[in-house]
Amino acid sequence: MVQRLLAILTDEKRYRGFTRLAFHGLLIVGIFLLIFSAYIPWFLYPAAPLNFEFMTYAGPILRDSLCVIVQYYMLVYLVKHYAPRPLVLVPGLAVYYFVLFTCYYYASYAVKHYFGLPDDYTGSLNHFERMPFWKALSHPATFFHLMFIIERAFYPLAARLLIEIYRRQVRNLRLEKQYTRLELDFLKSQINPHFLFNVLNSVYALTEEDNPRAARIVEQLSGMMRYSLYETSGTLVQLDKELTFIRDYIGLEQLRTAKRLQLEAVFPEQVDDRLQIAPFILITFVENAFKHGVHNTTRKSWVKLDLTLTNDSLTMIISNQKTENAPEQTGGIGLVNVRKRLGALYPGHELTVREEARAYHIYLKIRLTKTVRASDTQRHPHAVA
C-alpha cells in the first residue's frame, strides 16, 4: 500500500486533479491529528479540573491547526520558488512571520471570546489580549508563544521533504534509464550516417570535374553531416560553427527552391570564438520558416532572417510567408521540443511567436555562454579569484 501511494506521488501524470486534492486533504487531516495529540495531556490530565464544553476544547485545536496549515503552504511556496534567491527569500520569511502572527493573534481572540476558553496552557490568550496588535508583534514574548506553532509545522514539512527526496531519486533513476536507452539508440544510428557520409565523399570525387555545382552541393552537405556527427556531441558548441551550419543549410535551400525564393539573411560580421551555444537550438526555427513558407507552394515566396550579436546576447528575428496550404506552424513537435530545450538551457530567454494573416514572425533572444581563455586568466588573475 505504501509503495503504491509513493508510486502515485512520484508519477506526474497521475498526481493531479482529485488525486492531488486527496493527498492535500490527507495532509490537513494529519495536521489536525498532530495538534490534537499535543493537547491530549492538557485535556485528559490537567493540573486542575477542566469542566469545559466540547466546543471550548475544539477552539485551540482549530486555531493551531489553521496556523500550521497557513505557514506550511507559505514555507513550501517560498522555498520552492525563492530558495536560490536569498534577496527575495529573506523578505519573504519576514512576510511569512507577519502573516503567521496575524493569523495566531486574531484566532486567539476568537478562541477566547467565541469559544469561551479563559486561557490555554501556554498563556498565549491572555498575552495577546493584554496588548494591541502592533505592540504584541514587537514584544519579545510573542516569538516564544509562536514557537509552539512554528515547531509543529516542521512535522508536515519533514514529510514533504522525504517525499521530495524520494521523487528525485525516482526521477534520477528514470533519467538514467532514458539516457542509457538514448545512448544505445545513438550508437545504433551511427551506422547509417557514417555510411552516407562516406558515400557523399565518393559522389563528390566523381562530380568534382564534370559538374562543379553538384560537387559544391555535396561538399556543403558533407560539411553539415561532419558537423552533426563529430562536433555536436557536447552540451555547447562554438557559435561561429553553429552559424556556419545554418549558412550551409540556407545555401542548400536556395539551390532547391531555385528562383522562386526571395531570401534576406543577415549574420553577425564578427563572432567571438569564445561564445558558445547549444547545438541545433536555432535551426528548428529556420527549418520551419522554409517548410511552412516555401515548400508548401510553387509560387514565389520569401524568408527573412536577421541574427544580431550584442556582447554575449544573441537575437534572432525570422519571418516567412504564410501559404494557404501550410500546416499549423506554432504547434509542431519540433517547436515543442525546442521550447523545452530553451526552458532548460536558457531560463531567461525571450521567445515570441506571432502569426499574421500572411506571415509568421519569431523573435528569440538568448544569453550565450562565454569561455575563458588561459591567457585571459593570466592577465587578470583577480577575475577567477
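**Entry 1: strand pairing around E5**

I looked up the partners of strand E5 and found that E5 pairs with strand E7 (residues 359-367) in the antiparallel sense over nine bridges. Strands here are DSSP runs (E, at least two residues) and helices are DSSP runs (H or I, at least four residues), numbered from the N terminus; two strands pair if DSSP finds at least two bridges between them. The model is a predicted one: local features need pLDDT of at least 70, side-chain atom pairs count only at pLDDT 80 or more, and totals for chains, interfaces and linings use all residues. Residues are numbered from 1 along each chain as its sequence is written, and side-chain values use heavy atoms, with hydrogens and water left out.

I noted isoleucine 366 in E7 as the bridge partner of leucine 314. I then turned to strand E4 (residues 301-310), which runs antiparallel to E5 and is joined to E5 by eight bridges. Methionine 316 in E5 is the bridge partner of leucine 307. E4 and E5 form a hairpin with two residues between them. In that turn, I recorded a positive phi of about 55° for asparagine 311.

I checked the cover of E5 (residues 313-321): eight of its nine residues are buried. Buried means under 20% relative accessible area, with a 1.4 Å probe and protein chains only.

**Entry 2: aromatic pairs**

I found 19 aromatic pairs in the structure. Rings of Phe, Tyr and Trp (its six-membered ring) pair if their centres lie within 6.5 Å; planes under 30 degrees apart count as stacked, over 60 as edge-to-face and the rest as tilted.

Tyrosine 105 and phenylalanine 133 are buried. I traced a cluster linked by ring pairs, with Phe98, Phe101 and Trp134 among its members.

**Entry 3: charges over rings**

I looked for charges over rings, which requires NZ of Lys or CZ of Arg within 6 Å of the ring centre and within 35 degrees of the ring normal. Arginine 247 lies over the face of phenylalanine 267, at 4.4 Å from the ring centre. Lysine 304 lies over the face of tryptophan 302, at 5.5 Å from the ring centre.

Terms used. Buried means under 20% relative accessible area, exposed over 50%, partly exposed in between (1.4 Å probe, protein chains only).
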